[in-house]
Amino acid sequence: MNDEIEVLKQTEKQEKPEKPKKRPKGIYLLPNLFTTAALFCGFYAIIGATQEKFEVAAIAIFIGMILDGLDGRVARMTSTESAFGAEYDSLSDLICFGLAPALLMYEWSLSSLINSSNLLGKLGWLAAFVYTASTALRLARFNTQIGKVDKAYFRGLPSPAAAAVIAGFVWVCTDYQLKGADLVLPAWVITVMMGFLMVSPFLYHSFKNLDFKRVPFITASIIVMLFALVAIDPPQALFLCFLIYALSGPFVSLLQFRKRRSARLSKHESN
């Protein structure tokens, strides 16, 4: 009889639905502080561009890049990754690496096209819009492809790198006291090209597979030399580094295509 009562009690416990676990309220503070700081840099760059403080605006975008790289690492190191943080980071990137560089380039150079004709003036702000829209599309595609693509490569130029090319170009020119009105054509080409590369299918190294805890001596020496070059002339060094990275995408994609093609041909010949 006692055994039957115990069986009935266990059956009732099993049939009794478990109470749903309460979700923790609030958001993780530490990684989102870095994201907020990056967002502030983008907003500050916009204010600087509208006040013709172009060098300050370019530097603010580069600082935003550093902060944007830290928020994800801090989240992973402290196990505070969340869906909210990922969405907030994308919105911050749109402002800091989409709207701010486009407005910076427009205020510095592209706006002078209106002095030639209304048609050229429209081409100026349309180039800035194409860049901003490409950034939004790039971020949306990246969010939908998380966990589905090879982590070793980005598909399309990352928006921080595209923003670095634009900000670096403006920074170099202002450092040499060059006027944006005299460099409208290269400014227009760079703006449109960066927008195209962001939505392109070209592959870019993500450098996520690098182990920074333990590296060969030669790698450490190269890193020291890079820091020295940047310290000598930050505008030129940063602009050239990110421009080379932006142009590396088509070459990396071509090498990947040729490698796959040769593999298919060898497999076909073996059959």
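Let's start with a helix pair: the axes of α5 and helix α7 (residues 184–199) come within 8 Å and cross at roughly 20 degrees. Axes here are lines fitted to C-alpha atoms, for helices over the stretch in contact, and angles run from 0 to 180 degrees between N-to-C directions. So α5 is roughly parallel to α7. Angles under 35 degrees count as roughly parallel, over 145 as roughly antiparallel, 65 to 115 as roughly perpendicular and the rest as oblique.

A word on the model. It is predicted, with local features needing pLDDT of at least 70 and side-chain atom pairs pLDDT 80 or more, while totals for chains, interfaces and linings use all residues. Residues are numbered from 1 along each chain as its sequence is written, and side-chain values use heavy atoms, leaving out hydrogens and water. Helices (H or I, at least four residues) are DSSP runs, numbered from the N terminus.

Back to the pair. α5 passes α7 in a left-handed crossing. Left-handed means the near helix is turned anticlockwise from the far one by less than a right angle; right-handed means clockwise. The contact (heavy atoms within 4.5 Å) includes Tyr131 and Arg138 of α5, and Trp188 and Met198 of α7. By class, it has 10 nonpolar, five polar and two charged residues. Ala, Val, Leu, Ile, Met, Phe, Trp, Tyr, Cys and Pro count as nonpolar, Asp, Glu, Lys and Arg as charged, and the others, Gly among them, as polar.

Next, α6. Helix α6 (residues 159–175) packs on α5 at about 160 degrees, with the axes 10 Å apart. The two are therefore roughly antiparallel. Here Tyr131, Thr135 and Leu139 of α5 meet Ser159, Ala162, Ala163 and Ile166 of α6. Five of these residues are nonpolar, two are polar and none is charged.

How do α4 and α5 (residues 118–144) cross? Their axes come within 9 Å, at roughly 165 degrees. That makes α4 roughly antiparallel to α5. This crossing is right-handed. Among the contact residues are Phe97 and Pro101 of α4, with Trp125 and Tyr131 of α5.

Now α4 itself. Its 26 residues (83–108) should span 38 Å at 1.5 Å a residue, and the end C-alpha atoms are 37 Å apart, which agrees. The expected span is 1.5 Å times one less than the number of residues. A kink of about 30 degrees lies at Ala100, shortly before Pro101. That bend is the angle between axes fitted to the seven residues ending there and the seven starting there.

Last stop, α3. Just after α3, Ser79 takes a positive phi of about 55 degrees.
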